[in-house]
Amino acid sequence: MTNLGNIIIAIDGPAASGKGTIAKKLSEYFGLPYLDSGLLYRIVASEVIKHNIDPTKKRLVIDHVKKINFDRIDNGSLRNDNVSHVASIIAQYKEVRDVLLRYQRSFALNGVVMDGRDIGTVIFPNADYKFYITATLEERTNRRFMELLEQNSELNRNIVKNDINNRDQRDIMRKIAPLAKADDAIEVDTTFMKIDDVIDFIVKYIHKDKKS
Ligand code: C5P
């Protein structure tokens, strides 16, 4: 573990790009807290589903989001297609994003590695380091397909591909805080890279920057 103080590292990228795994490993390496911001959107989505709220009814979603306790982060039940889909719908609402923006900023008081879609652009425009993680749609589909196959052996690869693509389109096209590479972010195309090589690249980049 290398301690660089309370720095902020922003990791953004499209669905299934591996940004979560990368962010988590970096947080361990640098001894920093880690937050997967996507989980916050998933918590909102799962609450909306649980309370039978139509996610397209903006007012109902906004009224409900104020009542949610975001410290209750329960990974397991939040990683499924329906939650992903609903998360990308409610993520379009400014009022939802504002509540989560405050949570994300207050989480980072002791430094953080945070991954999401708008971390380098909106949440921490002054982050110490920003990385934008990409991979081709085919490669991201393969990664997600292999991951989900363990839970469901009947899974159809084309459905997985469409889900990823539709979610990316919704995240890129939305008016507020769309998925985008910050101008000063380093883009890392991981299509042909192993996870350890990505970590190695980022760690070396940060160390080199610290020395200069
Ligand atoms: O990262 P993850 O796939 O868990 O995110 C689920 C959804 O939450 C994304 O498709 C996106 O719509 C939304 N999200 C967002 N901004 C973030 C993180 C996630 O809009 N910073």
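Mentor: Helix α2 (residues 37-50) packs on helix α5 (residues 94-107) at an angle of about 135°, with the axes 11 Å apart. Axes are lines fitted to C-alpha atoms, for helices over the stretch in contact, and angles run from 0 to 180 degrees between N-to-C directions. That angle makes α2 oblique to α5; angles under 35 degrees count as roughly parallel, over 145 as roughly antiparallel, 65 to 115 as roughly perpendicular and the rest as oblique. The α2 and α5 crossing is right-handed (near helix turned clockwise from the far one by less than a right angle; anticlockwise is left-handed). In α2, S37, L40, Y41 and V44 meet R97, L100, Y103 and Q104 of α5, where contact means heavy atoms within 4.5 Å. These residues divide into 5 nonpolar, 2 polar and 1 charged. Ala, Val, Leu, Ile, Met, Phe, Trp, Tyr, Cys and Pro count as nonpolar, Asp, Glu, Lys and Arg as charged, and the others, Gly among them, as polar.

The model is predicted: local features need pLDDT of at least 70, side-chain atom pairs count only at pLDDT 80 or more, and totals for chains, interfaces and linings use all residues. Residues are numbered from 1 along each chain as its sequence is written, and side-chain values use heavy atoms, with hydrogens and water left out. Helices (H or I, at least four residues) and strands (E, at least two) are DSSP runs, numbered from the N terminus.

Helix α2 also packs on α4. Their axes come within 8 Å and cross at roughly 105°, so α2 and α4 are roughly perpendicular. From α2, the contact includes Y41, V44 and I49; from α4, V83, V86 and I90 are among the partners. By class, this contact has 9 nonpolar, 3 polar and 1 charged residues.

Now α4 (residues 81-90) with α8 (residues 157-173). The axes come within 9 Å and cross at roughly 15°. The two helices are therefore roughly parallel. Their crossing is left-handed. D81, S84, H85, S88 and I89 in α4 meet D163, R167, R170 and D171 in α8. That contact divides into 1 nonpolar, 3 polar and 5 charged.

Last, the pocket. The largest pocket is lined by 40 residues, and K19, G20, D36, R79 and D115 lie nearest its centre. Elements giving two or more residues to the lining include α2, α4 and α8. The lining has 13 nonpolar, 11 polar and 16 charged residues.

Definitions and conventions: On a 1 Å grid over the protein atoms alone, a cavity is a set of points where a 1.4 Å probe fits but cannot get out, and a pocket is an open set with protein on both sides within 12 Å along at least five of seven lines; lining residues have an atom within 4 Å of a point.
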